[in-house]
Amino acid sequence: MRVVVLRIGHRPERDKRITTHVGLVARAFGAEEMLLGGRDSHVEESLVDVAERWGGSFRLKSDVSWKGETVRWKEAGGKVVHLTMYGSNLPDVIDEISNCDCDLLVAVGGEKVPSEMYDLSDWNVAVGNQPHSEVAALAVFLDRLFLGRELVGQFEGGLKIVPQARGKQVLYPEYSPRNEDEEQ
Ligand code: SAM
């Protein structure tokens, strides 16, 4: 199953940090790409920098039309999940989504999402029917979809953290371990 995240409604003057975090969560929780309606050099540079340092093949495609991408995705046989607090609650639909045997486009919004998105989506899904955040909604949705397997996956190339109860240990690409206080 390919999973791509579509970030709708990015406002460059307000959303740099939260859209960057949507991208970081998409990458860390198993999506292969984020599509961004609009351009934002801050978001682009931050995500490219993380992908270069921490490995893997996560991509960002900017300046997309949310509707064009959604329609094309469906025409190619994929299904669309739109995360919204107004949707069907996640526990009620996650099995159906997981069993769809299809590629998934997972859309998250900002302040307002065009009403057409609700109609174009195969599933409007609430991660609990209370307002919270696109970052939290995406993380919980992907974790339920991948059943936690994404938490133990490895990214090819780049830095690797050696998990430990205290302190920090990072393996560099040449695989020489050293303690690193600055790496975040
Ligand atoms: N009115 C919005 C809604 O439809 O969920 C809340 C706006 S919130 C600032 C921005 C985004 O966070 C939403 O577009 C949605 O993708 C996500 N979001 C917030 N709460 C959510 C929830 N309980 N379940 C799923 N997604 C949520």
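This is a predicted model: local features need pLDDT of at least 70, side-chain atom pairs count only at pLDDT 80 or more; totals for chains, interfaces and linings use all residues.

Which residue has an N or O atom in its side chain 2.7 Å from an oxygen atom of the ligand?

1. The residue is Thr84, whose side chain places an N or O atom 2.7 Å from a ligand oxygen; a polar contact here is a pair of N or O atoms within 3.5 Å. Polar backbone atoms also face ligand oxygen atoms: that of Leu83 at 2.6 Å, and that of Glu134 at 3.1 Å. The ligand taken alone exposes 520 Å², of which the protein buries 86% (accessible areas by the Shrake-Rupley method with a 1.4 Å probe).

2. Residues are numbered from 1 along each chain as its sequence is written, and side-chain values use heavy atoms, with hydrogens and water left out.

3. The shell around the ligand holds 19 residues, and Leu83, Thr84, Met85, Gly128 and Gln130 come nearest (a residue is near if one of its heavy atoms lies within 4 Å). By class the shell has 11 nonpolar, seven polar and one charged residues; Ala, Val, Leu, Ile, Met, Phe, Trp, Tyr, Cys and Pro count as nonpolar, Asp, Glu, Lys and Arg as charged, and the others, Gly among them, as polar. Strand S4 (79-89) gives the most, with four residues.

4. An open sheet of six strands runs in the order S3-S2-S1-S5-S4-S6, with parallel pairing. Strands (E, at least two residues) and helices (H or I, at least four) are DSSP runs numbered from the N terminus, and two strands pair if DSSP finds at least two bridges between them. The edge strands, S3 (59-61) and S6 (123-126), each pair on one side only. S2 (residues 33-36) is joined to S3 by three bridges in the parallel sense, and Leu35 stands opposite Lys61 in S3.

5. Helix H1 (residues 16-28) lies across S1 (3-7), S2 and S5 (104-108), at about 175 degrees to S1. Contact means heavy atoms within 4.5 Å; axes are lines fitted to C-alpha atoms, for helices over the stretch in contact, with angles from 0 to 180 degrees between N-to-C directions.

6. Most residues other than glycine have a negative phi. Asp63, in the loop between S3 and helix H3 (66-75), has a positive phi near 65 degrees. Asp101, in the loop between helix H4 (90-98) and S5, has a positive phi near 55 degrees.

Definitions and conventions. A polar contact is a pair of N or O atoms within 3.5 Å; within protein, one must be able to donate a hydrogen and the other to accept it, and residues adjacent in sequence count only if both atoms are side-chain atoms.
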